[in-house]
Amino acid sequence: MKFDKKNIDYLLVDGTSYIYRSYYSFPLFKNKNNAPSGAIYGVINMLKKLSFQYPNTQKIIIFDSSKKSFRHILFKPYKKNRPTIPYNLKIQIKPLYKIINAMGFPIITIPSFEADDIIGTLAYTASSQSKSTLISTNDKDLAQLVNKNTCILENISGKILGKKEIKEKYGVLPSLIPDLLGLMGDQSDNIPGVPKIGKKTALFLLEKFGSLKNIYKNFEKVSQCTLRGAKNIAKQLIINKDLAFLSKHLATIKKNISIDKSIYKFQMSCPSMKELLYYFEYYEFYNWLKLLKEKKWIMNTNNLKKKK
């Protein structure tokens with residue numbers, strides 16, 4: 001799918017994925033006071049790149065809440081396999097938020113909701129208004145949001161993925177990503193899926209029956225499939241029916257969380273040069289400091305409002 005970069009309305013950035021990618025890409029970055037800065041440097045660098053690539057697009061940066069989401073209530077082991085956030089990363093988050101705001105980007109985080117659900121709500125709202133949206137992420141869960149108005153911008157490859165590209169990459173259309181994860185699970189989020197059903201089997205079943213719901217509607221036909229061990233697969237499906245639908249529910253991104261859906265309120269603003277000078281000097285980002293002093297720093301160009 002090709003998007004005209006000059007006419008994309010919104011770019012929703014999965015800030016949480018940016019933070020972790022940056023932290024592990026630049027683990028040794030510190031200033032003279034030994035304050036870690038790798039995550040800060042990496043995120044700013046990626047946002048700076050996006051600003052050059054999409055100068056006229058409204059950008060919104062979205063982060064996870066520090067509080068547990070409703071998914072943890074539904075399934076206590078949800079994401080339990082993930083390690084505790086490293087201290088050297090944790091202490092970079094608040095100053096990073098301040099720098100992002102100083103760059104002129106709006107930030108959204110909502111208690112008890114993941115970034116995915118905020119992105120899902122904003123993308124759905126924009127799409128219902130026939131506005132084009134790019135979601136910058138490498139999270140496969142967000143692929144389910146792709147439609148005629150919404151695409152994924154892979155933040156590593158820089159590729160834009162529409163429906164066709166999502167099908168080629170994951171084996172199913174965007175709308176079936178939750179069904180796929182409901183069957184095969186998702187180790188990264190500790191979503192269980194159906195035991196002994198892997199990606200190959202899940203794709204076969206979805207190709208044949210169309211959805212998780214239809215698999216169970218046609219359950220008697222599963223054991224007759226040409227799949228190796230079809231009878232055992234059918235047995236696992238019936239034993240773990242509730243687990244399959246719970247897994248799908250956990251993998252389904254919400255599109256209607258309680259949020260001010262007037263996306264236009266989240267406008268970019270002019271960078272605060274004073275704040276950026278302070279932080280860039282403190283963290284010893286000397287090349288960026290030079291750009292600021294030479295007035296060559298990136299400037300957002302659409303619907304700017306001045307910072308007070």
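Start by selecting Ile108: leaving aside residues up to four places away in sequence, it is in contact (heavy atoms within 4.5 Å) with Ile60, Ile61, Ile62, Phe63, Ile118, Leu122, Ile259 and Phe266. You're looking at a predicted model, where local features need pLDDT of at least 70, side-chain atom pairs count only at pLDDT 80 or more, and totals for chains, interfaces and linings use all residues. Numbering runs from 1 along each chain as its sequence is written, and side-chain values use heavy atoms, with hydrogens and water left out.

Now widen the selection. Ile108 sits in the largest nonpolar core, which has 51 residues; Ile62, Leu183, Leu205 and Leu237 are also among those with the most contacts inside it. Such a core is a set of buried (under 20% relative accessible area, 1.4 Å probe, protein chains only) Ala, Val, Leu, Ile, Met, Phe, Trp, Tyr and Cys residues joined through side-chain atoms within 4.5 Å. Next, pick Val43, Ile44, Leu89 and Phe105: they belong to a second, separate core of 40 residues.

For the largest, about 60 Å³ in volume, show Thr137, Asn138, Asp139, Lys140, Ala143, Ile152, Glu154, Leu161, Lys169 and Tyr170, which line it (an atom within 4 Å of a point).

Last stop: the second largest cavity, with about 40 Å³ of space. Select Tyr23, Phe26, Pro27, Phe29, Pro36, Ser37, Gly38, Asn88 and Gln92 to see its lining.

Methods: 1 Å grid on protein atoms, 1.4 Å probe; cavity = no way out; pocket = protein on both sides within 12 Å on 5 of 7 lines; lining within 4 Å. Points joined across faces, edges and corners; volume = space filled by probe spheres on them. Buried < 20%, exposed > 50% of the residue type's maximum accessible area, 1.4 Å probe, protein only.
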